[in-house]
Amino acid sequence: MNKQWWHDKVAYQIYPKSFCDTNGDGIGDLRGVISKLDYLKELGIDIIWLSPIYQSPFADQGYDISDYYKIDPRFGTMEDLTELIAEAKKRNLSILLDLVVNHCSDEHEWFQKALKDPEGEYGKYFYIRKGRDGKEPTNIRSYFGGSAWERIGDTNLYYLHLFHKKQPDLNWENPVLRGAIYDMINWWLEKGIAGFRIDAIMNIKKALPFHDYAPDRDDGLADCRLMLKENEGVMDFLKEMRDATFKKYNAFTVGEVFNEKKEELNDFIGEDGCFSSIFDFSQTVFGASEKGWYDNQPVTPDDYRKCCFDSQKRAEGIGFLSNIIENHDEPRGVSRYIPEGECSDAAKKMLATLYFLLKGIPFLYQGQEIGMENVPFDSIDQFDDVSTLEEYRVARRNGLSQEQAFEAVKRYSRDNARVPFQWDDSENAGFTKGTPWLMVSPDYQTIHLQRQSADPDSVFSYYKKLIALRKAEEYKDTFVYGQFTPAFEEKERVMAYYRTGNNQRILVIGNFKMAEQEIELDKPYKNILLHNYHTAGGNGTRLLLKGYEVLVLEF
């Protein structure tokens, strides 16, 4: 494997709207990010991914872009971003932007011109089709619910939107459109950003011509993913984009890819892959139901282990996955993967260690490093997320009571991760002097950075040790490039694996339950490299793991 500059890096996702507000309008901004660069450097971060900061009407929190070349005034100015890039570079920090090119906003100049002349040049930038007998062209359902087709005025024409109706899909079959996208990407790379997180990219290739699918709910519609399973040729688009943009700048790219096949993994992340990495979403999609969130099955500790191990085996010898436990589209990882009633600081540290030392590029999401948990919402009116509100309606239509539907969606709501970062125990958790755009989680008075920074046993202090261990010169090559080998898979609710490098063998082992578990090693270990308790039980080759104890052992 050819070594790349990003292989040994640790990445951190910032959701700018909820990170740090400096002007008191209740919305986080770029100056807030600048003010926290030293904090991120202290934590041990190398790469910062910013969720969208482009000009947008915010129908889907900035993922509906009305101008790819402008910063939304909510976040600041282009001068602020230029300063952020420069200040980050001084600290050896790299900035990634979110690349959202499956769709734009219906307020984008391209779409406005398409509405005026659907048969003209800009009409071909989108998927515009005639209706059938006064109805939509096909019966595919958008990700956010309802038809994926929206009627244009009082005409018989409809445009495709796989997401919100204010997010018309871009027609990647049009080479002129692709050229305009590549020009934009190169413009940003010239400004000094290090690369992109690439949003919803598998949606860019549609199965044409459009047609109906068997309905899968009583609304008569079919999941749009059925169409995406049929498509062929997306890799041609992705490799063309890579060659026209990223490759020229040695840019780091991480793709949001949910449905890759094993045989395609080399094309995505191999030596000549279209991306540097893709996120491992195997745990996040496990247990998901086509019926909706209300029917999702929880992920057990053994399910979580299997998902991680299967992904590691799949990627071995091919390339680097990007490992996560949460992001802006998911609930908090500690609330999702630690069984209900068992969440503690020890459990949070264990989960952090188990995912972080897998082979791949570790990503943290803001607040993860202080162990932020799901929010104890008490009303559906507290939600802002369009997905949550739609899933609530789906649950109600399927016979759940208001209380049952609310309980079903609050566990999975994206707003769990979008509430403001908890800096301290002052008003609004130190996020803003104004009124926050989304409620602050009421647990901020006990879970906040200020307290944890002063506590050597805190979740935050543990994350600093964990990051430092992965970067330590003595162990870095093993953690970055070493072979992954599962261990003790026969033990229920034990997650363990070896990372093996040149003359070095390291065991990462965690007890994923509250009761003690005994483990017999094949030989005595030499050193404890990291531990979430002060003392380890057992002796010689025998480990007596306390509840949610995790150890990183050198042999």
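Helices here are DSSP runs of H or I with at least four residues, strands are runs of E with at least two, and both are numbered from the N terminus. Hello everyone, with that in hand let's start at Q366, which sits in the loop between β15 (361–365) and α14 (386–397).

A quick word on the model. It is a predicted one, where local features need pLDDT of at least 70 and side-chain atom pairs count only at pLDDT 80 or more, while totals for chains, interfaces and linings use all residues. Residues are numbered from 1 along each chain as its sequence is written, and side-chain values use heavy atoms, leaving out hydrogens and water.

Back to Q366. Its relative accessible area is 1%, so Q366 is buried; buried means under 20%, exposed over 50%, and partly exposed in between, with a 1.4 Å probe and protein chains only. Setting aside neighbours within four places in sequence, the contacts of Q366 (heavy atoms within 4.5 Å) include Q13, F19, R332 and F421.

Two of those names bring us to the rings. Phe, Tyr and Trp rings (for Trp, the six-membered one) pair if their centres lie within 6.5 Å; planes under 30 degrees apart are stacked, over 60 edge-to-face, and the rest tilted. The whole structure has 45 aromatic pairs. F19 and F421 form an edge-to-face pair, because their planes are at 75 degrees, with the centres 5.8 Å apart. F19 lies in the loop between β1 (11–14) and α1 (30–35), and F421 in the loop between α16 (415–418) and α17 (449–453), so this pair ties together parts 402 residues apart in sequence. F19 is buried at 0% relative accessibility, and F421 is buried at 0% too.

There is also a ring cluster, with Y54, Y68, W110 and W187 among its members. The charged end of K191 sits over the ring of W187, 5.0 Å from its centre; that label requires NZ of Lys or CZ of Arg within 6 Å of the ring centre and within 35 degrees of the ring normal.

Last stop, strand β17, residues 494–501. How much of β17 is buried? Six of its eight residues are, so the strand is largely enclosed by the rest of the structure. β17 runs antiparallel to β16 (residues 483–487), joined by five bridges, and pairs in the antiparallel sense with β18 (residues 504–511) over eight bridges. Pairing takes at least two DSSP bridges. In the β17 and β18 hairpin, with two residues between the strands, N503 has a positive phi near 55 degrees.
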